Amino acid sequence: MVRFLIPTVAVLLFLLEPEFAMLSPIEVKGQVYYLVPRFLILYLIFISIYYSRQRAVMYGLFFGVLYDVFYIDIIGLYSVLFPLICFLAGSIVKVIHQHLVVTTTISVVLVAILEFILYQFFYLIDFTTIPLSDFLLSRLLPTIIANALFLMILGWAFKYLINARVLQRAREVS
Amino acid sequence: MPQFFFNKKLILLLVGMVFLVALISFSLRERTKATLPEQIIKDTVGVAQSIVAKPANYITGVFNSIDSLLNTYEENKRLKARLEEFAAVQAEASDLKSEIKKFQELTDKSESLKAYDPIHATVIARNPDQWEEKIILDKGSSHGVEKNMAVMTAKGLVGKVTLVTPFTSEVELLYTNNPNYRVSAMVQGDKQAYGLIEGYDKERNELIMKRIDSSLTVKKGQQVVSSGLGGIFPKNVPIGEITEVSTDDFGLTKMAYVKPSADFSILDYVVIAKRSATVIDGSDGNTSNEDLSHPQKGKEGAK
């Protein structure tokens, strides 16, 4: 049961992301803010930290390809970035403590890095012309805040789910 | 050198990089059709997405109705004031309609640029990273959707179809930086002024209408609609209202800022307009000037 729950949650988050994207952009006092939901990659980072780096990279590759084909139409962008972020997360966690607060902070920082790389890429191919300061203020900051909120609300649930799976696997092995 | 070839990981990385660059440059090209594996993925994800989209749309619908319920009193007052006006306008409209019909019979010209077959579609997803303004609909080529068709809501034009698979289609919204994205438009008034909607101003959040003849007067507050002369869009689809008029970079033609009438922030149901009149691949499309409804004829014409 728990075995299938992990990929199911990933698929669900993948499908829910665009629904949340429809709520953005929001306008506050004439200033437009973009909130980019990054639920799936946050979840994959958690898998990478608490479960297995290799598994997370595989998931990252699979969903990255789906992401590229379905939404972006530039194949090879997310399908590289997602596994890369998962790999980074799995590598970082080997040197630091696995407390929930620490992992939440790492996840949010990694999402910010992902967002920044994407901005640089789209700037390079002329999809966007907004200057860096605008990007930081109207995109990166609101995105970080929104995703941090999301992780504060659901981070413990992710951890609980993944731990359940780890325990189950340990039982199977023994 | 030998230890280089033994380093399998490095070679794998290099091959991967080359493959990646090739893939990105392949998919960045202007493509008219998705490849077969892409179509399969798009359709499968599209089906799953439309299942999720239904309850999500329902929830946003509930919030919208609560929102409109709160404004009911204000709105009712305003609407009542306009009701009397409406009766007079309706009488005039039916009068004009019958007159047009009579004239059409007289001139034996029944085909109008205004006529279109609506295809109703549900928005199943919006590009989550929001760099390209794109939405995905649950109707595709099997429902009669074709590339470059106009997409609109009840309030006005929102964009055009850029990519079609059998069960989904992708729409590029009017808010785009794509320099090849043009919509032939006209300003309504005593004397119609024609121009092109080209690009949008990020700071003002408004569309830019360019190439308006400088001898014509366009004023703030005038309505802008699609002209139907671009070849693909139907005529008289509302686009927005002019908020400012100025001259363009070279001072030869005028340009105007247009505030779009459609609400882009929450799109759930849209209409794809399939024009009834002959479709020509004009400035709304790929500007190849090919006659899409009679491909043979179009080629002969080109000779």
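**Questions on a predicted complex**

Reader: How many C-beta neighbours inside 10 Å does Asn236(B) have, and how does it count?
Author: This is a predicted model. A residue is buried with 20 or more such neighbours and exposed with 12 or fewer. Asn236(B) has 15 of them, so it counts as partly exposed.

Reader: Where in chain B does Asn236(B) lie, and what is its phi?
Author: Asn236(B) sits in the loop that runs between strand E9 (223-226) and strand E10 (238-247). Most residues other than glycine have a negative phi. Asn236(B) is not a glycine, yet its phi is positive, at about 65°.

Reader: Is Asn148(B) buried or exposed?
Author: Asn148(B) belongs to the loop between strands E2 (134-137) and E3 (150-152) of chain B. Its phi is also positive, near 75°, in a residue other than glycine. The cut-off for burial is 20 neighbours. Asn148(B) has 20 C-beta neighbours inside 10 Å, so it counts as buried.

Reader: What radius of gyration does chain A have, against that of a compact globule?
Author: The C-alpha trace of chain A spans about 60 × 30 × 30 Å along its principal axes. For 174 residues a compact globule would come near 16 Å; the value for chain A agrees with this, at 17 Å.

Reader: In what order do the elements of chain A run from the N terminus on?
Author: Chain A contains six helices and two strands. From the N terminus on, the order is α-β-β-α-α-α-α-α.

Reader: Over which residues of chain B is the pLDDT below 50?
Author: Chain B has a mean pLDDT of 81, and 88% of its residues reach 70 or more. One stretch is below 50 and has four contacts beyond near neighbours in sequence: residues 295-303.

Technical notes:
Residues numbered from 1 in each chain as written. Chains lettered and ligands numbered in written order. Predicted model: local features only at pLDDT ≥ 70, side-chain atom pairs only at ≥ 80, totals over all residues. pLDDT = per-residue confidence, 0-100. Contact = placed C-beta atoms within 7 Å. Helix = DSSP H or I, 4+ residues; strand = E, 2+ residues; numbered from the N terminus. Rg over C-alpha atoms; globule rule 2.2 N^0.38 Å.
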